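Please work through the following exercises with the sequence and the model at hand. Each task is followed by a stepwise solution.

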Amino acid sequence: MKILVAVKRVIDYNVQVRVKEDGTGVVTDNVKMSTNPPDDNAVEEAVKIKESGKATEVIAITIGEEKAQETVRKALAVGADRGIHVKADGILEPLAVSKILQKVVEKEKPDLVFMGKQAIDDDCNQTGQMLAALLNWPQATFASKIEVKDKSLDVTREVDEGLETISVNVPAIVTCDLRLNEPRYASLPNIMKAKKKPLEQLSATDLGIDTKPRIEQIKVEEPPKRKAGIKVGSVAELVQKLKNEAKVI
Amino acid sequence: MSVLLIAEHNNKELKPFTLNAITAASQIDQDLHVLVIGHNSDGAAKAASAVPLVKKVIQIENPIYENYLAENFTPVIIKHAENYSHIVCSANTFGKNLMPRIAALMDCSQVSDIIKVISPDTFLRPIYAGNAFATVKSNDKKKCVTIRPTSFDAAPSDGGSAEIVKGDGADEFTLTKFVKKEEVKSDRPELGTARIVISGGRGMQSGDNFKLITAIADKLNAAIGASRAAVDAGYITNDHQVGQTGKVVVPDLYIAVGISGAIQHLAGMKESKVIVAINKDGEAPIFSVADYGLEADLFEALPQFLEELNKLNTIQK
């Protein structure tokens, strides 16, 4: 089985994001960037499946500007076999990304495509489902457990009411939840080795995909600030304030 | 222009967030139709028809729709989407799973998780875990939009009598099969709609210690939430998680206990009307969003809290 894993470069999850003064976006200059956290879970799961002998190859793919390659290198350092970077500039909407992935899937013919359930920058939560639609494949979203069977997967999904299990025939798309596994860290020797692993370069234009955004971003602004609260000295004071001042209990 | 809303329901009745989505959908256009796809779903269809904002209900019946699978719902929705300018549903795990599958097949760039309708093509949505708000305009002919339910009031649910028409289903998608759902049953208010939420974090130290929270939740008729750290540690099940990738809650009162306040958790609760933080670390970021902060050991504070509540003559329910 061959697994394609899609990874995205985003502002690191620990960074306090700041809005640009001109309202055109958020500040990304000199800001720490990392792999989108649930994409790390997707890579980890693919590598684990390969280690268990149920997959033969793990390919990491990213789409974006030159530096997006870093996320593929990181995936290679934790066990992916080879990488693909599809160069595309500017804002990339999930629809365009899924069309690019569709082209690559048609060429590479993987049995499974894994990715994080949501990117923590645009918070769209769309790409996996869109790719599944374009390929007419099953989709197992928000996966917190994956059991690989012969020609199918049993996937436990995190849903609002609790947990749901579905069975999807291969080929399939799986979008991964943070609780799926504990991503490993890359060791220094493996980071060095990853530099020698093949990384194919493509571009959205080569693949014939127009990535021009369909959605106009009119402005980006700071959310309304909460006004600073107070510290109370005791539990009794807290309960009195909730009862008599905030009037919520 | 008309709006088609995909109802989330359990065949007998509408799920509460469908009513919030109806409010938002009616702000896009008043000609609002609701699609009820299910099996033995007359109850849900009647409930939708009773909502005064709804102008028409289209009911699709087939045993294959008993359990909701995006792969089965999508072709039905596409079949019925022709005369609508907008396809909408709530941005919970139901709608998040479903809508992009529809949007891609209609070649539409979806607008996810809107918190405000500015005009029929322009919406406000949070990005970066709510650290920025983006105003976006969709230029697609047909628009696919998901709605953050907690940002809109629930629509009144009775008094209406919209016509219910039967519609056609589509072929079954046989490559995906529903296996089981482990639903956590509880007599408490639902986390997403509760007036009061009390949440525990890593500071709770064990699942057993959540009984301190449960006792207060019982007293206040509150829902119980948790930070991702508490869920990851196995203290409590995932359906309680509040945050960027969990549930977004906007209760009148949110009590955060032993929660440091990571950006990802704040994303799920910082719009609450009144926020209380109980934490022994006075520097914890949760205090920066709290209206009332109590710097204390939760293992002392929670029993005292219950004691103080017991002293009150009346408690709002």
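The model is predicted: local features need pLDDT of at least 70, side-chain atom pairs count only at pLDDT 80 or more, and totals for chains, interfaces and linings use all residues. Residues are numbered from 1 along each chain as its sequence is written, while chains are lettered from A and ligands numbered from 1 in the order in which they are written.

**Exercise 1.** Describe how α4(A) and α4(B) pack.

Solution. 
1. Locate the helices, which are DSSP runs of H or I with at least four residues, just as strands are runs of E with at least two, numbered from the N terminus.
2. Determine the geometry, using axes fitted to C-alpha atoms over the stretch in contact and angles from 0 to 180 degrees between N-to-C directions.
3. Classify the angle: under 35 degrees is roughly parallel, over 145 roughly antiparallel, 65 to 115 roughly perpendicular, and the rest oblique. The pair α4(A) and α4(B) is therefore oblique.
4. List the contacts, defined by C-beta atoms, placed from the backbone, within 7 Å. From α4(A) come A:Q129, A:M130, A:A132, A:A133 and A:L134, which meet B:N97, B:P100, B:R101, B:A103, B:A104 and B:L105 of α4(B).

**Exercise 2.** How many residues does each chain bring to the contact?

Solution. 
1. Chain A supplies 65 residues and chain B supplies 73.
2. On the side of chain A that touches chain B, β9(A) gives the most, with 8 residues.

**Exercise 3.** Which residues of α6(A) are buried, and which are exposed?

Solution. 
1. Apply the cut-offs: a residue is buried with 20 or more other C-beta atoms within 10 Å of its own, exposed with 12 or fewer, and partly exposed in between, C-beta atoms being placed from the backbone.
2. In helix α6 of chain A (residues 235–245), the buried residues are A:V235, A:L238, A:V239 and A:L242.
3. Viewed down the axis of α6(A), these buried residues fall within an arc of 95°, so they line one face of the helix. The arc is taken over the directions from the helix axis to the C-beta atoms.
4. A:N244 and A:E245 are exposed on the other side of α6(A).
5. The cover over the buried residues of α6(A) includes β13 (230–232) of chain A, and β15 (274–279), β16 (292–295) and α8 (298–311) of chain B.

Methods. Two residues are in contact if their C-beta atoms, placed from the backbone, lie within 7 Å.
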